[in-house]
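I opened my notebook for a look through this structure. Here is what I looked up, entry by entry.

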Amino acid sequence: MNKLSDLSTGVQPTWCPGCGNYLVLAAIKKAIGELNLEPKDVVATYDIGCAANMVNNLNVCGFATLHGRSIPVAVGVKMANPKLTVIAQGGEGGIVTEGGNHLIHAAQRNDDITVILNNNYVFALTTGQTSAATPKGLKTRSTPEGNPFEPLSAIDLAAVAGASFLARTQSSDLAQTTEILKSAIRHKGFSLVEIIQPCVIWLKDYPEENKSEKYQEKPFKDIKDFFNKKNYLGILYEKI
Ligand code: SF4
C-alpha cells in the first residue's frame, strides 16, 4: 500500500472549517493508497468549484479544466492512454448544471472513467447560488423567494443514460466513501460516485433567517430525511 503522505503535495487545503471536502480528500487518498496505485498512473481532472481546489492537495497527475468540462477532458486522457486510472471531479454545479450533457454521454458510452460528484446543493464557490440540484423551495442568493424547480438527480440521469456503476455516499462517512471509491475505480467502465456534502456556509444562513417560513424548512427536512434513509446510500447499481 502507498503511504498516504506520498499522496499529499504538502499544500494545506483552504476550505472552510467543517467543509466535507476535507474528508473527501482523505477518502480519495485512502482509496488510491489501498488500491496500491502509483500517483504517476492516476490522472484526476478537476472542474471549477471549492472541491476542485483539491488539484493543489492531491499528489497525482492533476488537470484543472473549465466549468463543467472535467468529464470530457478525462475521457480524452483515457483515450490517449487506456492504462491510466482516470478520475473526473466536479460539484453538482459543474457535473449536473453546466456540464450535464457530458455526464449523460459518458454514461451512455460507458467510458472507463470514475466521476466523483461533490454535491453540496449550491454553487458554493460563488457564494451560494441555486444549481440544477438545489432542493425545490430552498432560498438561495439567486432565488430569494425559493428555488421554483425540482432538483435534477445525477444518479437518475446517469442511470437512464445506461451507466454501469452508480453509488452514493456522504462525506461524513470516511470508511464507506473510501470503500465505494475503491469499487468505482476498480470497475471497468463508467462509474459515478455522488458524495453528499451540504455546504456548511451557504446552506447555514438561509434556513435560520427563514425559520418561521414552512416552505423553507421543507427542503432541509428533505435533506435530513435523505441522510436517514440508509437504503439510498451505498452501491446502487453495478453491471458486471
Ligand atoms: S463555501 Fe461551502 S463548499 Fe466551499 S469550502 Fe466553504 S463549506 Fe466547503
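**Entry: two helices meeting.** I began with the contact between H1 and H6: Leu 23, Val 24, Ala 26, Ala 27, Ile 28, Lys 30, Ala 31 and Glu 34 in H1 meet Leu 174, Thr 177, Thr 178, Leu 181, Lys 182 and Ile 185 in H6. I counted two residues as in contact if their C-beta atoms, placed from the backbone, lie within 7 Å. By type, the residues of this contact are nine nonpolar, two polar and three charged. Here Ala, Val, Leu, Ile, Met, Phe, Trp, Tyr, Cys and Pro are nonpolar, Asp, Glu, Lys and Arg are charged, and the others, Gly among them, are polar.

**Entry: a note on the model.** This is a predicted model, where local features need pLDDT of at least 70 and side-chain atom pairs count only at pLDDT 80 or more, while totals for chains, interfaces and linings use all residues. Residues are numbered from 1 along each chain as its sequence is written.

**Entry: the angle.** I checked how the axes of H1 (residues 21–34) and H6 (residues 174–186) run: they come within 8 Å and cross at roughly 50°. Axes are lines fitted to C-alpha atoms, for helices over the stretch in contact, with angles from 0 to 180 degrees between N-to-C directions. H1 is therefore oblique to H6, as angles under 35 degrees count as roughly parallel, over 145 as roughly antiparallel, 65 to 115 as roughly perpendicular and the rest as oblique.

**Entry: the whole protein.** I found eight helices and nine strands; helices (H or I, at least four residues) and strands (E, at least two) are DSSP runs, numbered from the N terminus. Buried residues make up 47% of the 240 residues. Buried is 20 or more other C-beta atoms within 10 Å of a residue's own, exposed is 12 or fewer, and partly exposed is in between, with C-beta atoms placed from the backbone.

**Entry: helix H2.** Which residues of H2 (residues 70–80) are buried? I listed Ser 70, Ile 71, Val 73, Ala 74, Val 75 and Val 77. Their cover includes strands S1, S2, S3 and S4 and helices H3 and H4.

**Entry: positive phi.** Asn 36, not a glycine, has a positive phi of about 60°. Asn 36 sits in the loop between H1 and S1 and is exposed, with 8 other C-beta atoms within 10 Å.
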